[in-house]
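This report is written for a reader who is meeting the structure for the first time. Please keep the sequence and the 3D view at hand while reading.

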Amino acid sequence: MTLQQEIVGNAMQMAVVNLYPGQTVYCEAGKFLFKTTNVTMETRLSGPSGGGRQQGGSGPGGGMGGMLRQAMGTAMQAGQRMLAGESLAFQYFSAQGGEGTVGFAGVLPGEMRALELDGTRAWFAEKDAFVAAESTVDFGIAFQGGRTGMSGGEGFVLEKFTGRGTVIIAGAGNFIDLNPADFGGRIEVDTGCVVAFEEGIQYGVQRVGGLNRQGLMNAVFGGEGLSLATLEGNGRVILQSLTIESLANALKKAQGGDKQGPTGGLFSTNAG
C-alpha cells in the first residue's frame, strides 16, 4: 500500500502523512511534529532492518539464542548510527481504529522529497537527510571507502535506504534533480551540496585542480577548499542550493563572529 503523504510549506517544509489502520511509519528521533490521538507512538533503538519489526518476539530460532542475536543486531545498528552522528533511536507511528495523521519535518530551512523505492535500486543520502519512511523501507549506514570518504566535506558515512515503499528526506535551500548521463556522464559539485542519489551512481571526491598556482588559487580564494564531489553514471541525483557550512558562516557573520575571512578556502577558521 502506497504511503499517502503531502509535502506542504515553502521555506521550511513539512510532510503530512495519512496512515491507514495497521500501517506503520517511522522517523528519526527529533523529526516528529504532531499526530492525531488514534496514532500510537513507540520509541525503539532498532530500525526495520535486522529484525526491528518484531521487538522482543521469539519467532524461528527464538529462545535465548534468538534474543541474544536480536540484541546484538540492535546494538550494532545503534553503534553504526552513533558513528554516523545519527540519532540512536527511531520513533514508530501506527494508526489504530481508523485512519490517522502524523506530521514530520527536517531540521533546516529547505525542501523535502518523497522517494518511492520499488526494491530494485537503493538510495543513498547525506547524513541527517532522513526524515521518515514506511516500515517496509530499511534504513542502513553505508561507509565510503577510506580516502574518498575522508576527503568529502560530508564525512565518510552515508544513509542507505533499501526495500519497497516511501522514504522522505530533507535538505537545505532548494533542490535540483539531475542525471549525470545528461551532462556527459559526470558532474562535479560542492561536497556539501549532495543530498541523495540512486544506486548505480558512482560517488567520489577529487582535488580541485593540481598542486600548482591555479590549484592553490582555487583552494585559497575559491571558497571550495581542496576537494569537489564527483557523481558519475546514469541515475537520479538530488542537490541542494544551501550547504550547512555556508549557513553556519552566514549566522556567525550576522552575529559579528565571522570566522570565514575574506578569502574562505584554506584561510577559513571554522573551528572554535
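The model is predicted, so to speak of local features a pLDDT of at least 70 is needed, side-chain atom pairs count only at pLDDT 80 or more, and totals for chains, interfaces and linings use all residues. Residues are numbered from 1 along each chain as its sequence is written, and side-chain values use heavy atoms, with hydrogens and water left out.

**The sheet**

Strands are DSSP runs of E with at least two residues, numbered from the N terminus, and two of them pair if DSSP finds at least two bridges between them. Four strands, in the order β1-β2-β7-β4, make up an open sheet with antiparallel pairing. Because β1 (4–8) and β4 (32–35) stand at the edges with a single partner strand each, one side of each has no neighbour in the sheet. On average, neighbouring strands of this sheet are turned by 20° against each other, direction ignored; the axes behind such angles are lines fitted to C-alpha atoms. Between β4 and β7 (residues 100–105), which run antiparallel, there are 3 bridges. Phe32 stands opposite Phe104 in β7.

**Aromatic contacts**

A pair of aromatic rings is described by the distance of the centres and the angle of the planes. Rings of Phe, Tyr and Trp (its six-membered ring) pair if their centres lie within 6.5 Å; planes under 30 degrees apart count as stacked, over 60 as edge-to-face and the rest as tilted. The whole structure holds 12 aromatic pairs, including the two tabulated here.

| Pair | Centre to centre | Angle between planes | Class |
|---|---|---|---|
| Phe139 and Phe161 | 5.7 Å | 65° | edge-to-face |
| Phe197 and Tyr203 | 5.8 Å | 10° | stacked |

Phe139 in strand β11 (residues 137–143) and Phe161 in strand β12 (residues 157–170) are 22 residues apart, and their pair links distant parts of the chain. Both Phe139 and Phe161 are buried, where buried means under 20% relative accessible area, exposed over 50% and partly exposed in between (1.4 Å probe, protein chains only). Phe197, at 3% relative accessibility, is buried, and Tyr203 is buried at 15%.

Ring pairs also join Tyr26, Phe90, Tyr92, Phe130, Phe139 and Phe161 into a cluster. Over the face of Tyr92 lies Arg44, at 3.9 Å from the ring centre; the criterion is NZ of Lys or CZ of Arg within 6 Å of the ring centre and within 35 degrees of the ring normal.

**A loop residue**

Asp128 belongs to the loop between β9 (123–125) and β10 (130–134). Although Asp128 is not a glycine, its phi is positive, at about 75°. With 38% relative accessibility, Asp128 counts as partly exposed.

Terms used:
Axes fitted to C-alpha atoms, helices over the stretch in contact; angles between N-to-C directions.
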